[in-house]
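Subject: Structure for you to look at

Hello,

Please find the structure below, with the sequence. My notes on it follow.

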Amino acid sequence: MANKNLNQAKNAKKDEFYTQLVDIENELKHYKVHFKNKTVLCNCDDPRISNFFHYFSYNFEQLGLRKLITTCYKNQNRDLFCQNDSERAIWLEYFGDRNGNRVPDPEEIGIHYFEGDGDFRSKECIELLKQADIVVTNPPFSLFREYVAQLINYEKKFVIVGHQNAITYKEIFPLIKENKIWLGYGFKGGAGHFISRYEDTATAGDHREGMIRVSGVNWFTNLEIPKRNEELILYRKYIMEEYPKYADFDAINVDKTSDIPSDFYGVMGVPITFMDKYNPRQFEILNCCEPCIDINVLRKREGFREYPSRQRIYNGKLCQKTYHRILIRRRQASQSQLYAQTEMSMPMAAEDPKAYNQNQ
Ligand SMILES: C[S@@+](CC[C@H](N)C(=O)[O-])C[C@H]1O[C@@H](n2cnc3c(N)ncnc32)[C@H](O)[C@@H]1O
């Protein structure tokens with residue numbers, strides 16, 4: 001249901017939902033070492049209402065920041081639910097507390113007017129981006145691809161909110177695979193509540209007044225965090241019948257990250273939620289795709305549901321596509337051990353970019 005909210009936001013370009021201070025604090029407490037002497041840019045944030053501006057201005061001294069820049073898109077009115085109806089926007093800069101009261105007072109905040117509308121892609125905004133060391137915000141989901149591409153292009157460090165489905169985007173996945181982006185600590189229970197006027201379709205238990213619940217939301221970053229070094233404890237044993245092979249990729253299917261077998265060194269397809277547990281020293285990422293499994297194999301499995309829309313013929317056999325899978329491989333074993341154990345050929349199909357692109 002909550003994904004419906006996000007899809008609605010994406011389709012209708014409804015990007016007006018706002019991050020709670022508590023969620024920002026919960027994530028950024030893991031990154032404090034990175035901020036000393038740094039210029040932080042929040043470039044999708046009306047500084048007058050953004051909790052990102054609030055967090056960095058109130059924690060300016062504690063983090064040891066050099067400068068905070070916050071830019072607003074179009075709107076100049078002090079209204080949380082931005083109508084984007086004004087063509088000129090403002091940007092603020094803050095150099096920290098000057099009068100010793102540890103509060104960012106209005107006279108300590110420099111207000112500047114953009115010539116244009118404050119679009120993060122505009123020349124003026126790019127000039128501010130160039131000054132920044134670290135960009136931190138929740139950008140418009142509808143422009144996530146472009147937003148990340150710009151950060152990578154200008155070689156910026158960042159911590160930003162996005163949806164886990166972005167992992168599968170053909171512009172984003174190569175960055176994940178090459179360890180140029182990874183997931184942060186995330187939202188409690190894999191879902192975030194955002195301040196919004198959009199209709200909330202969350203169930204009664206999950207509903208919070210004035211908010212929408214978005215499941216699958218996460219933080220994307222390229223800043224080093226301890227979480228990346230934590231090893232995933234594997235306790236399941238590999239049993240051939242429990243891990244069917246794909247018909248179109250030389251790999252086995254693993255439905256849940258916790259089911260990754262401890263004694264298997266071949267290629268495995270795991271759900272995208274695996275990225276939350278990914279340690280690049282433990283696993284290698286090979287591809288992202290929607291592989292298919294022989295329907296006769298699936299029909300023998302308990303609780304199996306047929307989805308005719310996901311079925312297709314592969315090599316003369318009726319198969320059903322899984323949802324997106326990340327193809328991974330354990331790093332510990334040597335290549336020869338790896339292939340001797342699994343009797344698999346080198347995963348050419350798994351590494352074939354053409355096959356990957358066709359699945360996008
Ligand atoms: C998901 S909201 C998050 C707002 C704020 N960063 C927060 O987390 O509370 C995304 C924001 O990006 C703004 N936005 C949309 N298109 C933009 C653009 N092209 N350039 C800059 N900001 C944009 C929207 O007005 C919206 O306020």
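Two strands pair if DSSP finds at least two bridges between them. Helices (H or I, at least four residues) and strands (E, at least two) are DSSP runs, numbered from the N terminus. The model is a predicted one: local features need pLDDT of at least 70, side-chain atom pairs count only at pLDDT 80 or more, and totals for chains, interfaces and linings use all residues. Residues are numbered from 1 along each chain as its sequence is written.

The chain as a whole

The protein chain contains eleven helices and 18 strands. It has 360 residues, of which 36% count as buried. A residue is buried if 20 or more other C-beta atoms lie within 10 Å of its own, exposed if 12 or fewer, and partly exposed in between, with C-beta atoms placed from the backbone. Two residues are in contact if their C-beta atoms, placed from the backbone, lie within 7 Å. Take the contacts in the protein chain between residues at least 6 apart in sequence: 70% of them join residues at least 24 apart.

Strands β2 to β6

Strand β2 (residues 39–42) runs parallel to β3, and four bridges join the two. Leu-41 has Ile-69 in β3 as its bridge partner. β2 also pairs with strand β6 (residues 134–137), again in the parallel sense, over two bridges. Here Val-40 stands opposite Ile-134 in β6.

From β3 (residues 67–71) you can go on to β4 (residues 90–94), and this pair is antiparallel, with four bridges. Leu-68 has its bridge partner in β4, namely Tyr-94. Tyr-94 also stands opposite Ile-109 in β5. The pairing of β4 with β5 (residues 109–113) is antiparallel over five bridges.

Which residues of α2 are buried? They are Asp-23, Ile-24, Glu-27 and Leu-28. Seen down the axis of α2, the buried residues fall within an arc of 115 degrees (the arc of the directions from the helix axis to the C-beta atoms), so they line one face of the helix. An α-helix has 3.6 residues a turn, so residues three or four places apart point the same way. Val-22 and Glu-25, on the other side of α2, are exposed. The buried residues of α2 are covered by elements including α3, β7 (157–163), β9 (191–196) and β11 (217–221).

In α3, the buried residues are Phe-52, Phe-53, Tyr-55, Phe-56 and Ser-57. They pack against α2 (21–28), β2, α4 (60–63), β3, β4 and β6.

The ligand

The ligand is surrounded by 21 residues, and the closest are Tyr-18, Thr-19, Cys-44, Tyr-73 and Asn-138. A residue is near a molecule or strand if its C-beta atom, placed from the backbone, lies within 6 Å of it. β1 (17–18) and α3 (51–58) each supply at least two residues of this shell. By type, the shell residues are ten nonpolar, seven polar and four charged. Ala, Val, Leu, Ile, Met, Phe, Trp, Tyr, Cys and Pro count as nonpolar, Asp, Glu, Lys and Arg as charged, and the others, Gly among them, as polar.

Two open sheets

β14 and β18 (residues 325–330) run antiparallel and are joined by six bridges. Phe-283 has Arg-330 in β18 as its bridge partner.

Asn-287 is also in β14. Why does Asn-287 count as buried? Because Asn-287 has 24 C-beta neighbours inside 10 Å. Asn-287 and Leu-327 are 40 residues apart in sequence, yet 5.0 Å apart in space, C-alpha to C-alpha.

Another open sheet has three strands in the order β15-β17-β16, and the pairing is antiparallel. The edges are β15 (292–294) and β16 (311–314), each with a single partner strand, so one side of each is left without a neighbour in the sheet. Neighbouring strands of this sheet are turned by 45 degrees against each other on average, direction ignored. For such angles, axes are lines fitted to C-alpha atoms, for helices over the stretch in contact, and angles run from 0 to 180 degrees between N-to-C directions. Three bridges join β15 to the antiparallel strand β17 (residues 317–321). Asp-294 stands opposite Cys-319 in β17.

Regards
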